[in-house]
Amino acid sequence: MLRRRRQIQRAKHDLQVARTSHEWSAAAERYDAATRQSAWRNDNRCAAYDHTVMAEHISRLRTARQARNAEALAVTLGETLHRHHLAIREPQVWDGALSGGKRIVTAWLDEVERALRWLTQHDSARLTWDRKLDALERASLDWGHSALLLSGGAGLGFIHLGVIRTLLRDGLLPDVINGSSMGAGVAALTCTRTDAELHALFDDTTTLQRMGLKWQPVQTAITGRAAFDADRWNRAMRENVGDFTFREARERTGRTLSVVVAPLAARQRVRVLNHITAPDVLVASAALASSAIPGLFPPVTLRARGPDGVERSWLAEERFIDGSFWGDLPMLQLRRLFGVNHSIVSQTNAHILPLLALQEGRGPVSATFDVASALAWGQGRELASIAGRRLPNQQLRRLILEAWSMADQLRSGDITIAPRLTISDIRQLFSNPTQLELDKMILRGARATWRRLPALRGQTRIARVLSDCLADVLQQGAEA
């Protein structure tokens, strides 16, 4: 027993100090072995799926592929994808061990990928190019797409860079990236750089402009109602992001950037800016508006560049502020615009991280918190609805409804990446990080992401394979 306890403590320490994905994965394997969580991975049973049906499908897929029976393989593939579409996105499939999810699910994913790739390369009288293209397009539409959503978090938003670095290096960075507040700056930085430029940035983070904050004199701050120098923040943002419009950024990198902003005027809804809704708006301008927290930065007039190349105001009569208070993670808009049905959330808001830690925990404390928060949220939603209908004071009604909309919004996703909050983080919220602090925050983001890599790989695998297969079929058509 003592030896096992020491093995667990040693593995925990190795997880906490790991500096690479390989080191973390090796420590996770040791931790699972010491805690006997490896047995959970080997146990095929799970409430999310029927393990006997899944095992049967694995066998049928393998048999049909090895027999080169395209018709039987296609039929079984369609059946098993339909049957287990939602199962692989259930948390209980992945969260029982640090080193990976249920082994039977991994085996199923392996066999599904082999079947898809084999059918993509196979030609027959019945499996023509047209039919393969149609089937893959329908399957891709059915499975949808993933999006990475970067929350606000003030200075802690630099942690998002560690998430981006890990997903990029592992080939898991989604094409759709949304950012709010500080997350908008990181999303903009990512979506205006090519893969090669991003790799170069992470190889030498000293090239990143991190000195964007400058406190203003008290009298100036009171007069301008802004604690920080807007010009300094503007210059830092432009240096990191460049002068690309949303349309130009997408054409340059192939990534879809969305930024959340909120009009200052009352009765205006949060807006999600991207190459569809605001193609000519400058990305740096949108990121500045998204991070314009009232009291810290002044509202921003968005800037755009038209076909004539001249930069001018966009919706000059409106000014915009940080939209994360009302729409930090705008999944509904992303679903409507880009077919996103799977969300990867990088959460760095200091007031949200402790709540997520309680929700992810086990035991009576976390269970009690879940029950209490569910009850409180239900009562709060009902009370806000009643106030919105019954209070005679229109201004008070609006304030209550706005306050509730700020509280009652999405804070997590299908996969949530959230570092543990520390006391020293409070100091980082509104200060420029030193180079050492920046590198530490990037490493924290990476460690938080390493823990979620098995679920990230598994939940997004079929969508990624379908994208590859569709590209292969389109290339076959171009060469025919």
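These questions and answers concern a predicted model of one protein.

Q: How many helices and strands does the secondary structure of the protein come to?
A: The protein has 480 residues, and buried residues make up 48% of them. Its secondary structure comes to 22 helices and 9 strands.

Q: What share of the contacts in the protein with a separation of 6 or more comes from residues 24 or more positions apart?
A: Contact here means heavy atoms within 4.5 Å. Among the contacts with a separation of 6 or more, residues 24 or more positions apart account for 76%.

Q: Is helix 6 roughly parallel, roughly antiparallel, roughly perpendicular or oblique to helix 22?
A: Helix 6 (residues 103-121) and helix 22 (residues 453-479) pack with their axes 10 Å apart, at an angle of about 5°. Angles under 35 degrees count as roughly parallel. Helix 6 is therefore, relative to helix 22, roughly parallel.

Q: How many residues of the contact of helix 6 with helix 22 are nonpolar, polar and charged?
A: Helix 6 contributes residues including W108, L109 and R117, while helix 22 contributes, among them, I462, V465 and D468. The residues of this contact divide into 6 charged, 5 polar and 9 nonpolar.

Q: What arc around the axis do the buried residues of helix 7 cover?
A: In helix 7, the buried residues are K132, L133, L136, A139, S140 and W143. They lie on the same side of helix 7, because they cover an arc of only 135°.

Q: Which exposed residues does the face of helix 7 turned away from its buried side carry?
A: The buried residues of helix 7 are covered by elements including helix 5, helix 6, strand 1, strand 8 and helix 22. The face turned away from the buried side carries the exposed residues D130, R131, R138 and L141.

Q: Is A154 buried or exposed?
A: A154 lies in the loop between strand 1 and helix 8, and its phi is positive, near 50°, in a residue other than glycine. Buried means under 20% relative accessible area. A154 has a relative accessible area of 18%, so A154 is buried.

Q: Is R36 buried or exposed?
A: R36 is found in the loop between helix 2 and helix 3, and has a positive phi of about 65° although it is not a glycine. With a relative accessible area of 59%, R36 is exposed.

Note on methods: Residues numbered from 1 in each chain as written. Predicted model: local features only at pLDDT ≥ 70, side-chain atom pairs only at ≥ 80, totals over all residues. Heavy atoms only, no water. Axes fitted to C-alpha atoms, helices over the stretch in contact; angles between N-to-C directions. Helix = DSSP H or I, 4+ residues; strand = E, 2+ residues; numbered from the N terminus. Parallel < 35°, antiparallel > 145°, perpendicular 65-115°, else oblique. Nonpolar A, V, L, I, M, F, W, Y, C, P; charged D, E, K, R; others polar. Buried < 20%, exposed > 50% of the residue type's maximum accessible area, 1.4 Å probe, protein only. Arc of directions from axis to C-beta.
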